[in-house]
Amino acid sequence: MRKLLAALLFCLVPGSAGFPQAEVKVVATPVPLDPDDPARTTVGRLRYLGGWQLTSRQRDFGGYSALSVQGDRFLALSDTGHYLRFRMAAPGVVSDSRFGELPAFPGYEGRKGDRDSESMTIGPEGDVWVGFEYHNAILRYSPDLTLLQAVAFPPAMKDWSRNSGPEAMVRLAGGRFVVFAEGRAIAPHVHAALMFPGDPTKARNAPYQFGYRAPRDGYVPTDAAQLPDGRLVILHRRFGLLDGFSAIVGIADPARIAPGATLTSELVAELKPPLTVDNMEGIAATRDGDRTILWIISDDNRVPIERTLLLKFEL
């Protein structure tokens with residue numbers, strides 16, 4: 001049935017569904033790293049370069065679970081299949097904001113899980129791969145996000161939890177793909193992860209499984225990106241009823257990934273109250289001269305007590 005669905009998607013889904021809407025204003029309001037000490041600029045091995053709370057009256061705004069940054073162009077993908085493109089040519093100055101919707105999804109039964117897009121990675125030609133929870137699927141779209149190019153339900157992801165499946169995905173420079181499960185545990189505090197030898201939407205690229213352990217227990221991976229030096233930077237989240245959200249950033253060497261091995265990342269920084277933090281789910285890495293820049297975005301879950309934060313750090 002899944003193979004039949006994949007074939008039908010190409011025939012039945014209109015390619016124009018993802019065309020972005022006209023510009024809708026997005027406001028960026030500065031936030032300090034530490035509200036109790038606005039002059040503070042360091043946490044762990046990160047230097048705070050600026051941060052903003054993003055707001056908009058557009059009805060599809062919020063819920064961002066994945067992030068891509070290329071130059072001054074940003075692409076944020078929500079967990080409802082909607083996306084936001086914008087430009088930030090100067091700190092805190094948002095322009096050219098465009099909202100859109102992915103043109104196809106892994107299911108069409110009217111459930112939120114049919115369009116639960118949680119992870120994203122972009123190839124050198126601009127193709128966009130998106131990982132979906134619930135159906136544990138990976139779909140590939142055209143660079144402008146108007147056409148579906150391929151869809152796959154990898155058998156290796158079949159038994160992953162519906163609500164905590166492919167939460168993080170990154171295409172490595174050589175063409176391999178790493179996908180991290182949020183909730184699938186293969187040992188205490190060890191998450192299931194997959195290494196695909198190539199495009200995961202092609203059946204011939206069967207993956208092997210390895211384990212991933214966060215720098216601190218209790219944290220789950222929410223996104224990943226490859227640094228300019230080839231290492232992986234991995235974002236993690238934790239929620240507690242008493243202390244709310246916290247996040248950690250870790251770095252791991254992909255050369256240590258092997259079938260059946262357990263990869264552990266090195267702790268770079270921890271963001272927890274009273275620092276400015278929310279449900280941090282998306283991370284992107286860029287270069288500015290000889291500096292490595294990390295961008296982190298939060299998923300506000302579309303509830304008033306949470307915020308859409310965009311934070312900028314130097315590693």
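**Close-up views of a predicted model**

Strand S4 gives four residues to the lining of the largest pocket, the largest share from any element. This is a predicted model in which local features need pLDDT of at least 70, side-chain atom pairs count only at pLDDT 80 or more, and totals for chains, interfaces and linings use all residues. Residues are numbered from 1 along each chain as its sequence is written, and side-chain values use heavy atoms, with hydrogens and water left out.

View 1. Strands S4 (64-70), S8 (117-122), S12 (166-171), S16 (220-226) and S21 (280-288) each give two or more residues to the lining. By type, the lining holds 16 nonpolar residues (Ala, Val, Leu, Ile, Met, Phe, Trp, Tyr, Cys and Pro), five polar and one charged (Asp, Glu, Lys and Arg count as charged, the others, Gly among them, as polar).

**View 2. The cis peptide bond between Pro 273 and Pro 274.** Omega is about 10° at this bond. Pro 274 sits in the loop between strand S20 (266-271) and S21. Strands (E, at least two residues) and helices (H or I, at least four) are DSSP runs, numbered from the N terminus; the chain has 23 strands and one helix.

**View 3. Asn 136, a residue with positive phi.** Most residues other than glycine have a negative phi, and most peptide bonds are trans. Asn 136 is not a glycine, yet its phi is about 50°. Look for Asn 136 in the loop between strands S9 (128-132) and S10 (137-141). With 4% relative accessibility, Asn 136 counts as buried (under 20% relative accessible area; exposed is over 50%, partly exposed in between; 1.4 Å probe, protein chains only).

**View 4. Arg 302, with a positive phi of about 60°.** Arg 302 is not a glycine either, and belongs to the loop between strands S22 (291-298) and S23 (308-314). Is Arg 302 buried or partly exposed? Its relative accessible area is 35%, so Arg 302 is partly exposed.
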